[in-house]
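Here's a quick tour for anyone opening this structure for the first time. Have the sequence and the 3D view ready, and follow along.

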Amino acid sequence: MKHQEKSRQIRKEINQSYQQLKEEYPLLKRQNSIGFSIFLVSITIIVTVSIGWYQEIIPTWLMIIVNAFFMGILHEIEHDLIHWLYFKKQKPIHHFMLFSVWILRPLTINPWIRRTLHYHHHKFSGTLHDVEERGVTNGEPWSVKRLLTTADIVLGGLLRLKQMFKDMDREVKNGNLKDETSSTLKRITFLGLIPLTIAAHVILYLFFADLLLHWINATFMTDFSFPFYIENALNSLNVVIYTILLPNLLRQFCLHFITSNMHYFGDVEEGNVMEQTQVLNIWWTFPMQVFCFFFGWTHSIHHFVVNETFYVRHIGRKQAWEVLRKYGVRFNDLGTFRRANRYREYSKP
């Protein structure tokens with residue numbers, strides 16, 4: 001079978017399994033209600049746990065873990081919203097949800113701009129101009145630099161921006177990318193970071209730098225410090241740093257590690273969904289899967305069946321896995337770490 005035939009058959013069989021699931025559990029058809037309920041419950045738990053931490057009832061480590069988990073669920077809600085799976089005909093509710101999940105995950109880019117990048121990702125997944133995946137280190141050889149920038153889309157993005165834009169210009173020259181599309185992608189990639197994403201990252205940079213200065217002072221009996229206005233700003237932002245930014249840093253590292261290694265890059269045949277992703281569910285990734293709601297387990301399914309919610313995808317994953325295996329989609333191809341996420345064997349130029 002050609003890859004188009006395989007993809008078509010995979011979509012057909014997975015959609016059939018989803019239809020059977022919804023016939024067995026009719027509640028799953030109430031898409032808007034379920035999505036909004038998950039949204040409200042997640043935010044309620046995050047706020048409650050954060051208040052408990054502020055009142056010194058809940059320890060810091062537990063608050064960060066719980067908030068990171070539910071922020072991972074909110075990321076899935078955002079992803080569904082980007083595909084217009086909730087309240088498509090009731091725009092005020094749709095945009096309210098989109099804004100709320102962004103504010104609680106400020107290390108991510110503007111979701112309205114991400115929608116353009118994400119649709120481009122689906123159309124051109126794994127190519128040199130797949131800006132969304134390249135922004136989270138996909139396609140880079142594993143190194144200390146990649147590890148340190150896995151969670152950081154601002155500093156990490158700046159470090160790879162020149163090469164990415166150079167590759168996009170080459171793709172335009174070779175006729176693989178329209179010049180208009182290239183210009184749009186370049187512009188909105190930066191605009192998506194303004195102002196919230198950059199501000200959130202700068203706060204974290206200052207927070208960790210301040211911790212480092214305190215450690216240096218305690219270790220070497222020195223007296224380094226930031227100017228008083230920076231210290232005051234960090235003190236006033238203490239609650240935001242601990243309840244929102246640190247949980248998101250944990251969540252974002254886990255998500256970017258999983259997504260950048262389950263997507264293939266660089267030698268993917270354009271339009272060949274069979275080569276775009278693998279299922280990454282090996283046991284040692286479990287701690288990271290928890291904080292991105294098992295993204296590596298289910299995202300390959302999404303590439304074949306785009307317009308289905310994350311919770312249906314998760315509930316019906318085992319049947320979908322059987323279909324993916326039957327038609328040759330890869331599972332736990334750990335060679336991707338050695339091959340810099342190439343689908344085939346990769347030699348450095």
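What follows covers salt bridges, pockets and aromatic contacts.

This is a predicted model, so keep the ground rules in mind: local features need pLDDT of at least 70, side-chain atom pairs count only at pLDDT 80 or more, and totals for chains, interfaces and linings use all residues. Residues are numbered from 1 along each chain as its sequence is written, and side-chain values use heavy atoms, with hydrogens and water left out. Helices here are DSSP runs (H or I, at least four residues), numbered from the N terminus, and strands are E runs of at least two.

**Salt bridges**

- A salt bridge needs a side-chain nitrogen of Lys or Arg within 4 Å of a carboxyl oxygen of Asp or Glu. By this rule the model has 16 salt bridges.
- One of them joins Glu78 and Arg105, with the closest N and O atoms 3.1 Å apart. Glu78 sits in helix α3 (residues 60–82) and Arg105 in the loop between α4 (91–103) and α5 (111–123), so the pair ties together parts 27 residues apart in sequence.
- Are Glu78 and Arg105 buried or exposed? Both are buried, where buried means under 20% relative accessible area, exposed means over 50%, and partly exposed is in between (1.4 Å probe, protein chains only).
- Glu132 and Arg114 form another salt bridge, and their closest N and O atoms are 3.0 Å apart. This pair links distant parts of the chain, with Glu132 in helix α6 (residues 131–134) and Arg114 in helix α5, 18 residues apart.
- Glu132 counts as buried at 15% relative accessibility, and Arg114 counts as buried at 11%.
- Over at Asp333, the side chain meets that of Arg330 in a salt bridge (3.1 Å, N to O). Asp333 is buried at 14% relative accessible area, whereas Arg330 is partly exposed at 26%.

**Pockets**

- Rolling a probe the size of a water molecule over the atoms shows where empty space is left. On a 1 Å grid over the protein atoms alone, a pocket is an open set of points with protein on both sides within 12 Å along at least five of seven lines, while a cavity is a set where a 1.4 Å probe fits but cannot get out; lining residues have an atom within 4 Å of a point.
- The largest pocket has a volume of about 580 Å³, a volume being the space filled by probe spheres set on grid points that are joined across faces, edges and corners.
- By class, the lining of the largest pocket has 15 nonpolar, 13 polar and 7 charged residues. Here Ala, Val, Leu, Ile, Met, Phe, Trp, Tyr, Cys and Pro count as nonpolar, Asp, Glu, Lys and Arg as charged, and the others, Gly among them, as polar.
- The second largest pocket has a volume of about 310 Å³. It is lined by 16 residues, with Arg134, Gly139, Glu140, Gln163 and Asp167 the closest to its centre.
- For the second largest pocket, α8 again provides the largest share of the lining, 6 residues.

**Aromatic contacts**

- Rings of Phe, Tyr and Trp (its six-membered ring) pair if their centres lie within 6.5 Å; planes under 30 degrees apart are stacked, over 60 edge-to-face, and the rest tilted. That rule gives 25 aromatic pairs.
- Phe36 and Phe87 have ring centres 5.9 Å apart and planes at 85°, so this pair is edge-to-face.
- Phe36 is partly exposed at 24% relative accessibility, and Phe87 is buried at 9%.
- Trp53 and Tyr242 are stacked, 5.6 Å centre to centre with 20° between the planes. Trp53 in helix α2 and Tyr242 in helix α12 are 189 residues apart.
- One aromatic cluster includes Phe69, Phe70, Trp297, Tyr311 and Phe331.
- Phe331 also has the charged end of Arg325 over its ring, 4.1 Å from the centre; that label needs NZ of Lys or CZ of Arg within 6 Å of the ring centre and within 35 degrees of the ring normal.
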